[in-house]
Amino acid sequence: MDKHKGESSVSALIDSDDLKYINDLYGHDAGDAALKTFAKVLEDNFGQLGKVCRNGGDEFAVFLKRTTLTEGRAIFKKLFRQKLTFGYQGKDYPYTISLGFAVYPDQGASREELLNKADVALYAVKMTGKGTMATYHPDMVKEGRAQLGFNLRDLAVNLPGAFFIYRADDGKILFANRELLRITECSSMEVFSEFIGRKVKGLIAPEDYAEAVESCDQQVGDSDDAVAHMVKNPYFGEIYYVILSPKPDQK
């Protein structure tokens, strides 16, 4: 920027999404492999066009010299058209990324200002689901890292009604919200997991289990006491999101 004052350039902040899942599921060696693969992808895509740096954790910064907003967007779109995977112990695993960028000098006259605007754009992406990109716009409001975590966690933990997530292949419960812990009189997720035997089967009466599983498998979703939805997660495979509600009083 000092060498090319006033010349249009683009700066981006890029996150590898859900690195914590990779570390938790496969171990930190797998997380390291994912980061190394991601760094090489960034170098291959942007190394000849500018600078690539790691800020720390799973966040990287890219600076593209002599690049306009339109050119930068086209360059970043090429990255998102690639299939991103990392290899670990002979197997390939998919991963996604989120990217926010801003333009010098129009949106930031200094490195700090430019990166701050890119950060605002990145977290606007994070708030709307990850796995995509956005350019900074003045209407964007930076919630910040703490606020972002609060919003997403608050939605799940304090959802009005009992809510849990479980893995389809083995029935393991991955998450239970505060209301479900209250109903089962468990003080924490750890106590809850022990109480139900760590499996969804422990939450359902034996006589109702076959019907409940069939309902989920058929994606019917709505019954007197539950709404379920199955999605495919790149790290956990097929998982079910389930909201429980009390059966209406029989009079």
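## The E6–E7 pair and its sheet

Strands E6 (97-104) and E7 (133-135) pair in the parallel sense over 3 bridges. Strands are DSSP runs of E with at least two residues, helices are runs of H or I with at least four, and both are numbered from the N terminus. Two strands count as paired if DSSP finds at least two bridges between them. Phe 101 stands opposite Thr 135 in E7. The model is predicted: local features need pLDDT of at least 70, side-chain atom pairs count only at pLDDT 80 or more, and totals for chains, interfaces and linings use all residues. Residues are numbered from 1 along each chain as its sequence is written, and side-chain values use heavy atoms, with hydrogens and water left out.

E6 and E7 belong to an open sheet of 5 strands, ordered E2-E3-E1-E6-E7, with mixed pairing. Strand E2 (50-56) and E7 are the edges, and each pairs on one side only. From one strand to the next, the twist averages 20°.

## The E2–E3 hairpin

E2 and E3 run antiparallel and are joined by 6 bridges. Gly 56 has Glu 59 in E3 as its bridge partner. The two strands form a hairpin with 2 residues between them. In that turn, Gly 57 has a positive phi of about 60°.

## Helices across the sheet

Helix H2 (28-46) lies across E1, E2, E3 and E6. Its direction is at about 5° to E3. Helix H4 (residues 111-127) lies across E1, E3, E6 and E7, at about 145° to E6. Contact here means heavy atoms within 4.5 Å. Axes are lines fitted to C-alpha atoms, for helices over the stretch in contact, and angles run from 0 to 180 degrees between N-to-C directions.

Helix H1 (residues 19-26) packs against H2 at an angle of about 140°, with the axes 6 Å apart. That makes H1 oblique to H2. Angles under 35 degrees count as roughly parallel, over 145 as roughly antiparallel, 65 to 115 as roughly perpendicular, and the rest as oblique. On the H1 side, Leu 19, Ile 22, Asn 23 and Tyr 26 take part. They meet His 28, Ala 30, Gly 31, Ala 34 and Leu 35 in H2.

H3 (residues 69-80) has 12 residues. At 1.5 Å a residue it should span 16 Å, and its end C-alpha atoms are 17 Å apart, which agrees. The expected span is 1.5 Å times one less than the number of residues.

Gly 72, Phe 76 and Leu 79 are the buried residues of H3. Seen down the helix axis, they fall within an arc of 40°, so they line one face. The arc is that of the directions from the axis to the C-beta atoms. Buried means under 20% relative accessible area, exposed over 50%, and partly exposed in between (1.4 Å probe, protein chains only). Thr 70 and Lys 78, on the other side of H3, are exposed. The cover over the buried residues includes E1, H2, E3, E6 and E7.

## Asp 15 in strand E1

Asp 15 is found in E1. At 4% relative accessibility, this residue counts as buried. Leaving out residues up to four places away in sequence, Asp 15 touches Phe 38, Asp 58, Glu 59, Thr 96, Ile 97, Ser 98, Leu 122, Tyr 123 and Lys 126.

Strand E4 (residues 85-88) and strand E5 run antiparallel, E5 covering residues 91-94. They are joined by 4 bridges. Phe 86 stands opposite Tyr 93 in E5. Side chains alternate along E4.

Gln 89 is exposed, with a relative accessible area of 70%.

## Other loop sites

The peptide bond from Tyr 104 to Pro 105 is cis, with omega near 0°. Pro 105 lies in the loop between E6 and H4. Glu 185 is in the loop between helix H6 (178-183) and helix H7 (189-196). It is a residue other than glycine with a positive phi, near 55°. At 73% relative accessibility, Glu 185 counts as exposed.

Lys 172 sits in the loop between strand E8 (162-167) and strand E9 (173-176). This lysine is partly exposed, with a relative accessible area of 36%. Lys 172 and Ile 239 are 67 residues apart in sequence and 9.5 Å apart in space, C-alpha to C-alpha.
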